[in-house]
Amino acid sequence: MAGLEFVGVRKTYPNGVQAIHGIDMAVADGEFVVIVGPSGCGKSTLLRMVAGLETVTEGEIRIGDNRVNELEPADRNIAMVFQNYALYPHMSVFDNMAYGLRNRRTPRDEIARRVAEAAGTLQLEGLLDRRPGQLSGGQRQRVAMGRAIVREPEAFLFDEPLSNLDAKLRVQMRLEIKRLQRALGTTSLYVTHDQVEAMTLADRLIVMNAGVAEQIGTPLEIYDAPATLFVAGFIGSPAMNFLPGTVAEDGSGANLDGSERTLPVAPPASAGRGRITVGIRPEHLEPVSREEAVLEVVVELVEALGADSLVHGQLADGGEGMAVTVRVDGARQVAAGEVLSLAVAPNHVHFFDPDSGNRLA
Amino acid sequence: MVENRPWLTVLSHAVLCLGVLVTALPIWIAFVASTHPSDSMLSGRTPLLPGGNMLENYATVLGTGVKAAGSIPVGTMLWNSLVMALMIAVGKIAISIIAAYAIVYFRFPLRKTCFWVIFITLMLPVEVRILPTFGVVASLDMLNSYWGLSVPLIASATATFLFRQFFLTVPEELAEAARIDGAGPLKFFRDILLPLSRTNIAALFVILFIYGWNQYLWPLLVTTDEGFYTIVMGIQRMLQAEDAEPAWHEIMATSMLAMLPPVLVVVFMQRLFVKGLIEQEK
């Protein structure tokens with residue numbers, strides 16, 4: 001087992017497109033790190049660089065104590081699970097799992113032992129003679145995992161392994177992956193664009209945007225204190241409300257654009273007296289009586305999810321484009337046209353610099 | 001079509017039957033002719049039912065050949081054709097699958113150029129380049145040999161192109177997974193690409209075997225030794241009997257024999273083919 005380290009890693013494609021703009025990070029031994037970001041942000045490229053399927057333009061990738069930049073994928077002691085599983089269609093499940101071991105001249109009885117063990121863990125015992133074409137999506141996913149496990153690698157690399165599964169199976173496999181990784185204690189890198197997967201699986205998250213790691217931290221750190229507007233908007237569902245405004249004269253609150261009210265939460269001193277963006281998560285807005293309210297929202301649309309409802313509306317006295325989403329208790333009846341009076345706990349209000357997008361603290 | 005119109009069904013069946021009749025009648029007549037004594041075909045009334053000389057006629061052509069035309073036994077010619085067709089089919093598949101592998105999976109300078117050069121040769125069938133090819137084969141001393149019969153016909157742009165198209169449909173992740181599993185280029189080719197191409201190879205084999213079997217002009221040019229005559233060109237030579245009527249009964253028996261191997265290949269390979277298609281591997 002070993003950790004993983006990125007030192008100033010950059011990637012520029014031959015056509016001049018820069019995919020990764022410098023990543024520095026150390027992944028501890030046994031840690032589960034999830035790389036999350038929108039499509040095209042370079043997350044898969046980063047993973048493929050670790051696997052050795054893409055070259056590293058600049059910087060260094062270390063697995064354990066070894067620089068692996070120049071090593072062939074097979075010599076890096078990693079195992080990868082692909083989005084489309086990439087199982088060999090003409091081989092049985094057993095052969096699929098055993099192929100890598102045979103190529104490494106692992107003794108026959110050792111192969112049989114390891115495959116049997118992995119098949120046991122993944123409940124594939126009865127399926128070893130089948131071909132991938134005769135398996136269901138979830139079973140194929142398990143075989144792909146099995147192929148990774150039998151290698152007993154230093155690190156697992158997952159490239160959106162659950163995105164081809166239906167919603168229910170995805171939740172189930174997510175748990176299985178987590179449980180398995182815990183049990184094996186193998187360092188793992190997991191790429192996904194699904195923030196629920198990211199939050200639930202990760203020991204630590206890397207939120208990437210346009211080739212840059214916007215924030216690295218535990219899921220709760222990132223949820224509680226997003227470092228940039230991008231991270232704040234990307235993590236959390238439904239997305240955080242962003243309300244443009246200015247710092248009040250006396251610095252004791254924020255004047256939202258077009259609103260006469262002052263949000264009675266003092267922005268940090270670093271905000272100065274200029275423009276700011278106020279971020280409040282939908283789940284942190286709480287319906288209260290008119291007297292206690294700090295915000296009023298005219299309801300436009302209600303999405304009832306059962307346990308809770310998502311209320312979409314406009315700031316009552318706000319200017320154009322001051323859309324606000326509120327998560328309220330599902331039992332509460334809210335109708336379109338109604339005015340909701342809302343309060344928010346001061347420690348759940350985030351302030352960002354609208355120009356740089358950075359968090360003000 | 002899911003429509004239920006009885007007359008349409010009748011009509012389409014009638015057209016189908018007519019088509020079958022048109023295709024099958026000449027073959028039937030050839031078969032009938034091969035079972036009659038020599039004079040029946042020359043009497044002016046073509047018989048439509050088999051005669052009684054079948055075994056005799058076939059034994060003659062297989063054993064001694066068509067005497068009147070000074071032809072060698074058909075058995076030898078069948079053997080020559082078989083060797084040539086097999087060498088062409090196997091050679092074409094081997095060369096083109098390797099060429100396609102290089103073009104699809106390796107990044108080397110002038111890769112695109114190589115592909116287009118191969119592709120352009122599609123425009124140059126054997127007949128166009130037959131003189132220079134003959135010159136080369138002659139100077140390599142390959143006239144009157146199996147190599148001379150088959151080697152110049154082995155390079156195939158069509159097969160290369162077909163394999164290329166197939167390889168492009170194989171998911172890239174498969175190659176990457178194999179790389180992570182420690183399979184080098186040759187291992188990947190042998191363990192993964194080749195088994196996946198099985199059905200394609202079978203289909204191409206059928207087409208190429210028939211292509212090789214039906215070669216006429218090329219064998220006519222490069223063989224002067226009777227021992228290397230192929231059956232397709234041999235049939236034509238039988239017609240050139242001097243000062244004698246063509247021995248139609250024997251010629252038709254030879255034709256029937258010449259038709260047999262391609263039919264067998266199609267019938268036999270089609271099973272493999274359908275089996276491969278049902279398994280749906282990919």
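This briefing describes the chains of a predicted model, moving from overall layout to individual residues. Chain A is divided into domain 1 (4–232) and domain 2 (240–352), and 17 of its residues are in contact with 17 residues of chain B. The largest nonpolar core has 150 residues.

**Chain A overall**

- The secondary structure of chain A consists of eight helices and 20 strands.
- Along the principal axes, the C-alpha atoms of chain A fill a box of roughly 75 × 45 × 35 Å.
- Chain A has 361 residues, and 40% of them are buried.
- Of the contacts in chain A between residues at least 6 apart in sequence, 64% join residues at least 24 apart.
- The centres of domain 1 and domain 2 of chain A, taken over C-alpha atoms, are separated by 39 Å.

**The sheet ending in β13 and β20 of chain A**

- An open sheet of five strands in chain A runs in the order β13-β12-β11-β14-β20, with antiparallel pairing.
- Its edge strands are β13 (262–263) and β20 (349–352) of chain A, each of which pairs on one side only.
- Strand β12 (residues 254–256) of chain A is joined to β13(A) by two bridges in the antiparallel sense.
- Across from Asn255(A) stands Thr262(A), which belongs to β13(A).
- As background, strands of a sheet pair through backbone hydrogen bonds, either parallel or antiparallel.

**Strands β6 and β7 of chain A**

- β6(A) pairs with strand β7 (residues 155–159) of chain A in the parallel sense, over four bridges.
- Within this pair of strands, Ala79(A) stands opposite Phe156(A) in β7(A).
- Ile78(A) and Met80(A) point one way from β6(A), while Ala79(A) and Val81(A) point the other way; all are buried.
- Leu157(A) touches Ile78(A) and Met80(A), and its other contacts beyond four places in sequence are Leu47(A), Val50(A), Ala51(A) and Leu189(A).

**Where chain A touches chain B**

- The contact between the chains involves 17 residues of chain A and 17 residues of chain B.
- On the chain A side, β6 (78–81) and α2 (93–103) each supply at least two residues.
- α2(A) gives the most to this side of chain A, with three residues.
- By class, the side of chain A that touches chain B has 11 nonpolar, five polar and one charged residues.

**The largest nonpolar core**

- In the 150-residue core, the residues with the most contacts inside it are Ile35(A) and Leu157(A).
- Helix α4 (residues 74–105) of chain B provides the largest share of this core, 12 residues.
- Domain 1 (4–232) and domain 2 (240–352) of chain A both contribute residues to the core, so it lies between them.
- In soluble globular proteins, nonpolar side chains tend to be buried together.

**Helices of chain B**

- Ala94(B) is found in helix α4 of chain B.
- Ala94(B) counts as partly exposed because 13 other C-beta atoms lie within 10 Å, whereas a residue needs 20 or more to be buried.
- Ala94(B) and Gly184(B) are 90 residues apart along the chain, and their C-alpha atoms are separated by 20 Å.
- Helix α11 (residues 198–213) of chain B has 16 residues, which at 1.5 Å a residue should span 22 Å; the end C-alpha atoms are 22 Å apart, which agrees.
- The buried residues of α11(B) include Ile201(B), Leu204(B), Val206(B), Leu208(B), Phe209(B), Gly212(B) and Trp213(B).
- An α-helix has 3.6 residues a turn, so residues three or four places apart point the same way.

Methods: Residues are numbered from 1 along each chain as its sequence is written. Chains are lettered from A and ligands numbered from 1 in the order in which they are written. This is a predicted model: local features need pLDDT of at least 70, side-chain atom pairs count only at pLDDT 80 or more; totals for chains, interfaces and linings use all residues. The expected span of a helix is 1.5 Å times one less than its number of residues. A residue is buried if 20 or more other C-beta atoms lie within 10 Å of its own, exposed if 12 or fewer, and partly exposed in between; C-beta atoms are placed from the backbone. Two residues are in contact if their C-beta atoms, placed from the backbone, lie within 7 Å. Two strands pair if DSSP finds at least two bridges between them. Ala, Val, Leu, Ile, Met, Phe, Trp, Tyr, Cys and Pro count as nonpolar, Asp, Glu, Lys and Arg as charged, and the others, Gly among them, as polar. A nonpolar core is a set of buried Ala, Val, Leu, Ile, Met, Phe, Trp, Tyr and Cys residues joined through C-beta atoms within 7 Å. Domain bounds come from an automatic or database domain assignment.
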